[in-house]
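I opened a notebook page for this complex. The entries below follow the order in which I looked things up.

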Amino acid sequence: MNPLSISLPTALLLPLFAFAGSKSFDFKDPKGVNTIIFQMDALLESINGSGAGISGSVEFDPEEPSQTSGVILLDASSLRVDNPVLQEHMHGEEWLNVGQFPSIEFSFSQLSDVKRSGRELSAMAEGKMTIRNTTIKMKVPVKISHLQGMLEKRNKTPGDLLVVRSQFSVSREDFGIRSGEHLDKVANQIDISLNLAGAAPY
Amino acid sequence: MSKKPYLFSSLPLVVGLLLWAKDGCRLSFWATKVASSLEVPIVEGMPELGFQTQIVWKEQYLSGIECPIFGLFLSLLFGLCVFIHQRRASTSSIGPSPS
C-alpha cells in the first residue's frame with residue numbers, strides 16, 4: 001500500500017481532531033509567569049509570599065466544561081517569603097516539611113455551577129486538596145477562559161491556552177499544620193490567589 | 001546634673017525609629033527580599049485577554065520591628081550607665097561624712 005494513501009487523509013483530518021473533544025492543558029509554564037500568591041493576616045504579623053513551582057494538567061472540553069478535570073501541583077519548596085528565617089521555618093519539619101512532603105496538590109474531577117459570561121466560565125471545582133499528606137475535600141471557585149489558537153502568540157507554538165483564575169482560603173488547622181499554635185503571629189486562615197495559564201499544543 | 005549624656009543615650013532609639021519609619025514601619029521582622037508584582041498580559045499585545053500577576057523577588061534589606069526595639073534596649077542600657085556614673089560622681093564629690 002502506498003504510504004501516501006494513509007498519511008494524506010490523516011493529515012487532512014488532523015486539524016478537525018485538533019478542535020474536537022477534550023484537550024490536555026499543561027500548566028508548567030516555560031515563561032515562568034504562573035504563580036500562586038498567599039497571604040496570612042494574624043494579629044501581630046502579616047505574612048505574604050508566593051510560589052512559582054506550578055505544574056500539572058487539566059482536561060478541558062469547551063463543549064462540556066462541567067467534565068473538566070485535572071491536577072494542579074505546587075512545589076512546596078518554591079514558596080518564598082521576605083524574611084529568610086521565616087522562610088526556613090516555613091519549609092522546615094514543624095511547618096510544611098518540604099523535604100518529606102515536596103508538593104501541594106489540588107486534584108478535581110468535575111466543575112459544578114458552571115456559568116458562562118462571554119469568553120469566561122465561572123464554576124466551582126470539586127476536588128481534593130493535599131497539603132503535608134493530609135487530604136480534604138474542597139470546592140474551589142474558579143474562572144476559566146479558553147483562548148483558542150492563542151498559544152502561538154504566547155509561546156510561539158500552535159495551540160490553545162486555558163487561563164484559570166481563583167481566589168480561596170484554606171485553614172492550616174484542617175491540614176494539621178501546628179493547629180492552634182502561634183495564632184497571634186501565624187494566622188490560621190491562608191488566603192490564596194492564583195492566575196495560571198495552561199498550554200495545549202496542537 | 002548634666003542632661004547632655006541622657007540626650008546622647010537616646011540616640012540609638014532615635015536612629016532605630018528613623019530607620020524603621022524609613023522602611024515603612026513594618027510590624028514584622030526584617031526582610032532581605034522584596035516582592036514586586038508585575039501585571040503581565042496573557043498574550044502579548046492583547047490586553048483584552050487579561051493579565052497574569054507575576055511576583056518578582058528583589059534582594060533588598062528592609063528593617064522591621066526589631067530596629068526600634070533594639071534601639072530602645074541600647075538607649076535604656078546607655079541611660080542606665082549614665083545614671084550610675086553620675087550618681088557615683090555626685091557621691092564621690094560630696095566626700096565621706098566627717099563623723
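In what order do the elements of chain A run from the N terminus on? I read off α-β-β-β-β-β-β-α-β-β-β-α-β-β.

**Entry: confidence**

I noted at the start that this is a predicted model. For the complex, the predictor gives an ipTM of 0.71 and a pTM of 0.79. I then looked up the chains one by one. Chain A has a mean pLDDT of 87, with 90% of its residues at 70 or more. Chain B also comes out at a mean pLDDT of 87, and there 92% of the residues reach 70 or more.

Where does pLDDT stay under 50 in chain A? I found this over residues 8-19, a stretch for which the model has 1 contact beyond four places in sequence.

Within chain B I compared the elements. Helix α1 of chain B (residues 4-9) has the lowest mean pLDDT, at 87, and helix α2 of chain B (residues 11-22) has the highest, at 94.

**Entry: overall form of chain A**

I took the box along the principal axes: the C-alpha atoms of chain A fill roughly 70 × 35 × 30 Å. Of its 202 residues, 33% count as buried. I also checked the contacts in chain A between residues at least 6 apart in sequence, and 55% of them join residues at least 24 apart.

**Entry: nonpolar core**

Which residues touch the most other members of the largest nonpolar core? I listed A:Phe25, A:Leu161, A:Leu162 and A:Val163, in a core of 43 residues. The largest share of this core comes from β11(A), which supplies 6 residues. As background, nonpolar side chains tend to be buried together in soluble globular proteins.

Leaving out residues up to four places away in sequence, A:Leu162 touches A:Phe25, A:Val58, A:Phe60, A:Ile144, A:His146, A:Gly198 and A:Ala200.

**Entry: contact between the chains**

How many residues of chain A are in contact with chain B? I counted 21 residues of chain A against 21 of chain B. On the side of chain A that touches chain B, at least two residues each come from β2 (35-41), β3 (46-51), β9 (134-147), α3 (151-155), β10 (159-171) and β11 (189-201) of chain A. The most come from β3(A), with 3 residues. I sorted the residues of that side by type and got 9 nonpolar, 7 polar and 5 charged.

**Entry: α2 of chain B**

I checked the length of this helix. α2(B) has 12 residues and reaches 16 Å from its first C-alpha to its last, close to the 16 Å expected at 1.5 Å a residue.

Which residues of α2(B) are buried? I found B:Leu13, B:Gly16 and B:Trp20. These three lie on the same side of α2(B), because they cover an arc of only 65° around the axis. On the other side of α2(B), B:Ala21 and B:Lys22 are exposed. Just after α2(B), I noted that B:Gly24 takes a positive phi of about 100°.

**Entry: positive phi in chain A**

I looked up two residues other than glycine with positive phi. For A:Arg132 phi is near 55°, and for A:Asn133 phi is near 70°. A:Arg132 lies in the loop between β8 (120-131) and β9 of chain A, and A:Asn133 lies in the loop between β8 and β9 as well.

Are they buried or exposed? A:Arg132 is partly exposed, because 17 other C-beta atoms lie within 10 Å. A:Asn133 has 10 other C-beta atoms within 10 Å and is therefore exposed.

**Entry: A:Ser171**

I placed A:Ser171 in strand β10 of chain A. With 13 C-beta neighbours inside 10 Å, A:Ser171 counts as partly exposed. Which residues is A:Ser171 in contact with, leaving aside neighbours within four places in sequence? I found A:Asn188 and A:Gln189. I also looked up A:His182: A:Ser171 and A:His182 are 11 residues apart in sequence and 14 Å apart in space, C-alpha to C-alpha.

Note on methods. Residues numbered from 1 in each chain as written. Chains lettered and ligands numbered in written order. Predicted model: local features only at pLDDT ≥ 70, side-chain atom pairs only at ≥ 80, totals over all residues. Contact = placed C-beta atoms within 7 Å. Helix = DSSP H or I, 4+ residues; strand = E, 2+ residues; numbered from the N terminus. Nonpolar A, V, L, I, M, F, W, Y, C, P; charged D, E, K, R; others polar. Core = buried A, V, L, I, M, F, W, Y, C linked by C-beta atoms within 7 Å. Buried ≥ 20, exposed ≤ 12 C-beta atoms within 10 Å, placed from the backbone. pLDDT = per-residue confidence, 0-100. Expected span 1.5 Å × (residues − 1). Arc of directions from axis to C-beta.
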